[in-house]
Amino acid sequence: MPTSNAFDELRIAFQQAGIEYAVGGSWASTAFGDPRFTNDIDILASLTMGNLDAFLQRLPATFYVDPDEARKAIQNGRPFNLIHMPTVFKFDLFPADAFPLGQVELERAVSLSDTGLSKQPTRFVTPEDILLAKLHWFKTGGEVSEVQWRDIQGIIRTNNNNLDFAYLQESAAKIGVTGLLEKAFQL
């Protein structure tokens, strides 16, 4: 598990560079569903070619990142990773513009405390948005990942009465997972 120090160093670099971010992936599905171990932290961020260098300059020397690979990733709308060398923990950074709902996810993000990432409140994508992201990844992975499906079920089971169903239905249609959303709620 990463130390809060590693995440805080990254959080400060984002803030100093004026980049919005939110924790997603397994950390978000754990925060809003069933806990499970993961070996990295997925972060959705408003990274662009225009702000990437400012971010990289503010990143402490405790992180390893290949600047050329980061630039290529941003240009191609794909994630890149950073390694916190003292803990050998990986952070996967996803440019928000690369995903149909990415900017909306950042706008809707909520602050959570006591997540194990930081002593400070940390921005996380909402339960609806991590549910939609998990449905998207389940679909693009050939609908075979038991881990993704378990995460989906955990989010629904934990948040069922508090989810914004209108937003879920509208957004599921935008990303082509309406059928999977319906299936997930039938189980």
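Q: At what angle do the axes of helix α2 and helix α6 cross?
A: Roughly 130°. This is a predicted model. In it, the axes of α2 (residues 25-32) and α6 (residues 127-140) come within 10 Å.

Q: Is that oblique or roughly antiparallel?
A: Oblique. Roughly antiparallel needs an angle over 145 degrees, so the pair of α2 and α6 counts as oblique.

Q: Left-handed or right-handed crossing for α2 and α6?
A: α2 passes α6 in a left-handed crossing.

Q: Which residues make that contact?
A: From α2, Gly25, Ser26, Ala28, Ser29 and Phe32. From α6, Pro127, Ile130 and Lys134.

Q: How do those contact residues of α2 and α6 divide by type?
A: 4 are nonpolar, 3 polar and 1 charged.

Q: OK, and α6 with helix α8. What angle there?
A: Their axes cross at roughly 30° and come within 10 Å. Helix α8 covers residues 165-175. The angle is under 35 degrees, so α6 is roughly parallel to α8.

Q: Which hand does the α6 and α8 crossing have?
A: Right-handed.

Q: Which residues of α6 and α8 touch?
A: On the α6 side, Glu128, Asp129, Leu131, Leu132 and His136. On the α8 side, Tyr167, Leu168, Ser171, Ala172 and Ile175.

Q: How many of those are nonpolar, polar and charged?
A: The contact of α6 with α8 has 6 nonpolar, 2 polar and 2 charged residues.

Q: Which way do the β2 residues point?
A: Asp40, Asp42 and Leu44 point one way. Ile41, Ile43 and Ala45 point the other way.

Q: What is the sense of pairing between strand β1 and β2?
A: Antiparallel, over 3 bridges. β1 is residues 21-23. Ala22 stands opposite Leu44 in β2.

Q: And β2 with strand β5, parallel or antiparallel?
A: Parallel. The two are joined by 6 bridges, and β5 takes in residues 89-95.

How values were computed
Residues numbered from 1 in each chain as written. Predicted model: local features only at pLDDT ≥ 70, side-chain atom pairs only at ≥ 80, totals over all residues. Heavy atoms only, no water. Axes fitted to C-alpha atoms, helices over the stretch in contact; angles between N-to-C directions. Helix = DSSP H or I, 4+ residues; strand = E, 2+ residues; numbered from the N terminus. Parallel < 35°, antiparallel > 145°, perpendicular 65-115°, else oblique. Left-handed = near helix turned anticlockwise from the far one by under 90°. Contact = heavy atoms within 4.5 Å. Nonpolar A, V, L, I, M, F, W, Y, C, P; charged D, E, K, R; others polar. Buried < 20%, exposed > 50% of the residue type's maximum accessible area, 1.4 Å probe, protein only. Pairing = 2+ DSSP bridges.
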